[in-house]
Amino acid sequence: MNNIFRFRARLAWYLATAVVAGLLLYLVAPMFSPFLFAAILAYICLPLVDRLARRMPRWLAASVVLVLLLLGLSLLVLIVAPMVDRQFAAFLQEVPEFFDWVSERFLPWLSSATGVELNLDLGHAKQALAGSLRADNDVLWALPPKLTTGVAALIGFFTAVLLVLSASAAMLVAFRHLRAQYLASDLYQS
């Protein structure tokens, strides 16, 4: 009986510890997510930095790789954003026709198939969507000012990008030293 009580007490303690740890992790996740992203970025860039570090100092190799990555991603956004804008505008132009199809064909079919009378008024949703479409079809470029207004959002974004890049650079520069320490440690030996 005593062993069962100890087991249950230990299990309750482990569960309480896991719940508290999970809650703390949930609360501090916004602070650690840039560092996690930086670690993933550093892991991806590590082979190229190792290869360049044979010809130049490691800090310079890490900086070159991260600057090239940032330029490549910026170029990709500049190429892809107009295509996404056109596709999104074309999609929004087709949505009123979809509402017409649903109200004229799908709802009558569903009513006859189920025997339940469906009276959905999609006209209001169609009007709201038609009112939100802009004449110049720059829908994607009109969304960010509506979603994130103010200079604070831009400062926050660029601060996060700078934090991720600097943390990645620090990880890439220090990786060789950390790898040597790990290989010499007892964790690797066991």
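Colleague: Which residues line the second largest pocket?

Modeller: First, this is a predicted model, where local features need pLDDT of at least 70 and side-chain atom pairs count only at pLDDT 80 or more, while totals for chains, interfaces and linings use all residues. Residues are numbered from 1 along each chain as its sequence is written, and side-chain values use heavy atoms, with hydrogens and water left out. A pocket is an open set of points on a 1 Å grid over the protein atoms alone where a 1.4 Å probe fits, with protein on both sides within 12 Å along at least five of seven lines, and lining residues have an atom within 4 Å of a point. Here the lining is Phe37, Leu41, Leu66, Leu69, Leu70, Leu73, Ala160, Val161, Val164 and Leu165.

Colleague: Which helices each supply at least two residues of that lining?

Modeller: Helices are DSSP runs of H or I with at least four residues, numbered from the N terminus. Phe37 and Leu41 are on the lining list, and so are Leu66 and Val161. The helices that each supply at least two lining residues are H1 (2-52), H2 and H5 (151-184).

Colleague: How many nonpolar residues does the lining have?

Modeller: Ala, Val, Leu, Ile, Met, Phe, Trp, Tyr, Cys and Pro count as nonpolar, Asp, Glu, Lys and Arg as charged, and the others, Gly among them, as polar. By that sorting, the lining has no polar and no charged residues. The nonpolar count is ten.

Colleague: What about the rest of the fold: what pattern does the protein chain follow along the sequence?

Modeller: The protein chain has six helices and zero strands. One of the helices is H2, at residues 58-114. Read along the sequence, the pattern is α-α-α-α-α-α.

Colleague: Which side chains meet in a salt bridge?

Modeller: A salt bridge is a side-chain nitrogen of Lys or Arg within 4 Å of a carboxyl oxygen of Asp or Glu. The structure holds one, with an N to O distance of 2.7 Å. Arg58, at 8% relative accessibility, counts as buried. The side chains that meet are those of Asp50 and Arg58.

Colleague: Last one: what percentage of the protein chain is made up of buried residues?

Modeller: Cys45 counts as buried, and Arg58 does too. Out of the 190 residues in the protein chain, the buried share is 18%.

Notes:
Buried < 20%, exposed > 50% of the residue type's maximum accessible area, 1.4 Å probe, protein only.
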